Amino acid sequence: MTTIRQRRVGKGTEAAEDQPSEETNVKQDEKIPPDPPGGRLWNILSKTVGGIVAITLGLLTSVYVATLHENDLWFSNIKEVEREISFRTECGLYYSYYKQMIQAASIQQGLHGLVYDNKTESVRTINILERMNVYQEVFLSILYRILPIQQYLEPVYFYIYTLFGLQAVYVIALYITSWLLSGTWLSGLLAACWYIANRVDTTRVEFTIPLRENWALPFFAVQIAAITYLLRTHLQPAQERLTLMIVFIATFLFSLTWQFNQFMMLIQALALFILDCLDMLPTAKVTWLYIIQISGLLLVCVLQFFNSMILGSLLISFNVSVLIARTIQKNLKKGGLLNRLGKLILHVLLVLCLTLLINKFIKKILNLESDEHIFKFLKAKFGFGATRDFDANLYLCEEAFGLLPLNTFSRLSSTLLFYVYGFVLFLLTVAAVIVAFRNLSITLLFSSISGSNQVQLKEKMEEYTVTLKPDAAYNLVHTVLFGCLALSTMRMKYLWTSHMCVFASFGLCSAEVWKLLLKCLHLYTSQRTQVIKYSIPIITLLYISFKFWPGIMDELSELREFYDPDTVELMNWIKSNTPSTAVFAGSMQLLAGVKLCTGRTLTNHPHYEDKNLRERTKQIYQIYAKRSPGEVHGILRSFGTDYVILEDSICYERRHSRGCRLRDLLDVANGHIMDGLGENEPDLKPSVYPRFCEEIKKNLPSYTMHFTRVFQNKTFHVYKLAKHK
């Protein structure tokens, strides 16, 4: 087990940018009033200061997480094998391909080794570039080889510094999004400070560096910032084209770097669909965003050698269905309230049916089963019948895929973030409901009025009705949908909490939000709104600074070091005492480290998005089930296994409760009664064999004829398999 131990000694305010309000979110552009004397210079100065603050905060965040990583592990002082072991589970697997490319004789040979890989899965040759999202490792390794930095910077530092550098991009993108929404860079400053103060819940980059989400989320944040800007009014054609290009590039990079991109963008597409149906976004811009999502994903599909999981994604089916349904229903946004509601219900049903039909057709044609475990997991998670499926239960029993813990909200509340977020969310949700209802019912009213009177009516309504800009409406629905995702699945909270910082800071610094509240309280004046808009955020910033700055300083001064002698001993033994062609079986988390540290061939690994691999993993895990030694030996040898590694932490697991231990999941899947006190389902039967991982340690003849122990320490036991004819 890895532990972290104590290290031993000797080893102002500025004017808001012009953002004219609009009565509806698809209102025709109006003339922007000219800047007052000196206003243009002030705006330039304000934007310059705001930009400098954004870059400074981004760089400080990057240095902050890099320092935490160094202080936590003493990364600069530990051995190479310890550095590699610190990349746990799938992180180690991804980093191993970067290491493989660095160590290859040439770039061409390195790429050939990835396209025709026979060491990641024994007795199989797979295309790593097709199966996994590792183009970032390929790009970085090539960059490291061609840049003249080898003498000054080790490959591992080039890798981790790139990831920490992306954190600067992430924070800057969050800052800009909040700035765009509120019109003041004070909002961006508050968003960045909240992100840092709530680091435990906004990022985990300092201890899971190579994880795919740490590559992808900065690009997702850039995409959200670009969409926020795109949805503003008064954009010139050149500005719109440039913004669409930024959205496409960010979408492409996000899709290229994370295998779960399609599910995140599906939620984004749902947000666009809801707002478009309610006439709260310009339809033309929404159409472009649908097309960008499809084209970005298809481009990634081509780069990943036509990965079938991408072609069969719900996102592509949904976006195509929306575009087809819109073509069929051309008069969707005309008519009275009841007429439009009827059309909307029909439109939603049509899109849903088309999505399911197209997706089922594609999966049938491609014989796609790579993502079936995700839908089994979702079915079981939301109570659509109990399941004994091993893969679904493996996810259900992991804390990361459970509900968001309640203590998350107490931590977010300690920085005032959750309180402000709830306040802003409530106000804007009420405003959105009012605007949506008005948009659905206003078409009939305007159709009966002449063109000149329509303008006068709009101007008069603007004085008395609630408005919600398209960019604010999008971010509102975005935060609601991703909030639902985070509440249901803890691992996805980082998509929500970072945007929570943006949304809360925008609301606190937005003149429109305070104007809405003060009008409801009959206290509205322009001067009062401006005072509150700046004073409340500044007070909040002071509170965060005084309360959390000492804690951050203490955190940065705490020095610890990496300590995992058992795993280090295991990896050194494997490198010194086994042939380079040896095949190892064991838990998928440990085997990722075996591949990285020793380069040996694996039977299975943590990248779970392949049906054959999932079935193989379940078979390999019979080493922790109640099976006979002959059966286990036959299973392992069918995958070419030479050595099997047993872990006491799995065999005698106590981390999970009964029913969620790995051995319990295997027992239920095999139809056997679980160990320990407690209920069992009535159709489960006792096994005629004892648990393999326990019984093999007794060195009984029935076991020693198949397995010979060649290594052991307090944590691991390695057995060599007999090669029977």
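How many aromatic pairs does the structure hold? There are 31 of them, and since this is a predicted model, you're touring a computed picture. Let's visit a few.

**Stop 1: Phe-273 and Phe-318.** Select these two and look at their rings. They form an edge-to-face pair, 5.6 Å centre to centre with 80° between the planes. Phe-273 belongs to helix H12 and Phe-318 to helix H15, so to speak two distant parts of the chain, 45 residues apart. Both Phe-273 and Phe-318 are buried.

**Stop 2: Phe-390 and Tyr-621.** Here's another edge-to-face pair, with 6.3 Å between centres and 80° between planes. Phe-390 is in helix H18, while Tyr-621 lies in the loop between helix H28 and helix H29, 231 residues apart. Phe-390 counts as buried because its relative accessible area is 2%, under the 20% cut-off. Tyr-621, at 3%, is buried too.

**Stop 3: a ring cluster.** Now select Phe-75, Phe-87, Tyr-95, Tyr-98, Tyr-157, Tyr-159, Tyr-161 and Trp-215: ring pairs link them into a cluster. Then pick Arg-212, whose charged end sits over the ring of Tyr-94, 3.9 Å from its centre.

**Stop 4: helix H25.** Select residues 526–557. Look for a kink of about 40° at Phe-548, shortly before Pro-550. Phe-548 is one of the buried residues of H25, along with others including Ile-532, Tyr-534 and Leu-541. Show the neighbours as well: the buried residues of H25 pack against several helices, among them H1, H7 and H24.

Notes
Residues are numbered from 1 along each chain as its sequence is written. This is a predicted model: local features need pLDDT of at least 70, side-chain atom pairs count only at pLDDT 80 or more; totals for chains, interfaces and linings use all residues. Side-chain values use heavy atoms; hydrogens and water are left out. The bend at a residue is the angle between axes fitted to the seven residues ending there and the seven starting there. Helices (H or I, at least four residues) and strands (E, at least two) are DSSP runs, numbered from the N terminus. Buried means under 20% relative accessible area, exposed over 50%, partly exposed in between (1.4 Å probe, protein chains only). Contact means heavy atoms within 4.5 Å. Rings of Phe, Tyr and Trp (its six-membered ring) pair if their centres lie within 6.5 Å; planes under 30 degrees apart count as stacked, over 60 as edge-to-face and the rest as tilted. A charge sits over a ring if NZ of Lys or CZ of Arg is within 6 Å of the ring centre and within 35 degrees of the ring normal.
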